[in-house]
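Here is a short report on a protein model. Look over the sequence and the structure first, then read on.

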Amino acid sequence: WEFNGSFYQPSAFIMMGIPGLEALHHWISIPFCALYLVALLGNCMILFIIKKTQSLHEPMYYFLSMLAVTDLGLVLCTLPTTLGIFWFNMRRIGFDACLTQMYFIHILSFIESSVLLAMAFDRFIAISYPLRHPSILTKTTVIKIGLAIVLRGMVSLLPIPFLLKRLTYCRKTELSHSFCFHSDIMNLACADIKVNVFYGMIVLLSTVGMDFIFIVLSYILIIKTVIGLATKEECLKALNTCVSHICAVLVFFIPMIGLSMIHRFGKNIPPLVNTLVAYTYLIIPPALNPIIYSIKSSHIREALLRALWRK
């Protein structure tokens, strides 16, 4: 088919599962179901424990609750289409439905990045100014930070669906994943996509990019403060409170950076690699975060054990 300049917008897109392994989709769905189940149960458990345990009603755990809600949102965004392909070979998704899924996936990703930054700020205040920590991060301040994070993600990404709807598309409608990404949809267009590329890069750098830079700066300041502590035991105790957060940051940002690099520069990378990195980015962090915090946070672990003991 040759593009003749007329406006064309497909009624639906065709999503892909794992390229080259279509015959094994039913078997592949087993580990995916396990990851989704761990993510759903783990994050619900975190929220339940924080709500029921009065001693956990402090900024660190309020931010952890925000992280758990965001992870649940990411899971619920990708679960229907992913398992729909693996179980029932339901590969078709409407154009508007695809834009809606894409919008919420990107919003929740940006919110998770911002929540991780807020958690880094909380650790910096708690270690550098322990006596002022309760007065700086009050409950009202935490709520305002949460609202600002959500508003920032919604407003910065609001133009993206409209920028995609203005494009004319080629007859090719196959997406690279079992969910909708901005760059994936954009690359199916037959029109000039420079505005989409430029705006996408600006938003990514001004949100997730800045978040990552400020997280790194926060830990530089934390390390500087920790080095000034009197004893080795105090240093280790202070750093131990950051281990779970550092793991969550690495689990989230490494696949995200990898996927961004692949979408922009990885034209010769095999489709299977692209697909696996995308699944790692959207499914692994929601499943691992509850495990990381349950293992490393003694307060959550003790609250979980008390809840199980009562049962």
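Is Arg 152 buried, exposed or partly exposed? Arg 152 counts as partly exposed, at 29% relative accessibility. Buried means under 20% relative accessible area, exposed over 50%, and partly exposed in between (1.4 Å probe, protein chains only).

## Basis of the model

This is a predicted model, where local features need pLDDT of at least 70, side-chain atom pairs count only at pLDDT 80 or more, and totals for chains, interfaces and linings use all residues. Residues are numbered from 1 along each chain as its sequence is written, and side-chain values use heavy atoms, without hydrogens and water.

## Salt bridges

The whole structure holds three salt bridges. Each needs a side-chain nitrogen of Lys or Arg within 4 Å of a carboxyl oxygen of Asp or Glu.

Arg 152 pairs with Asp 211; their closest N and O atoms are 3.0 Å apart. Asp 211 lies in helix 8 (residues 194–227) and Arg 152 in helix 5 (residues 139–157), so the pair ties together parts 59 residues apart in sequence. Helices are DSSP runs (H or I, at least four residues), numbered from the N terminus. Asp 211 is buried, at 2% relative accessible area.

Asp 96 bridges to Lys 165, with 3.0 Å between the closest N and O atoms. Asp 96 is in helix 3 (residues 95–128) and Lys 165 in helix 6 (residues 159–165), 69 residues apart. Arg 123 and Asp 122 also form a salt bridge, at 3.0 Å from N to O. Both are buried.

## Asn 289

Asn 289 sits in helix 11 (residues 271–296). Asn 289 is buried, at 4%. Beyond neighbours within four places in sequence, Asn 289 contacts (heavy atoms within 4.5 Å) Leu 67, Asp 71, Glu 112 and Ala 248.

Technical notes. Helices (H or I, at least four residues) and strands (E, at least two) are DSSP runs, numbered from the N terminus.
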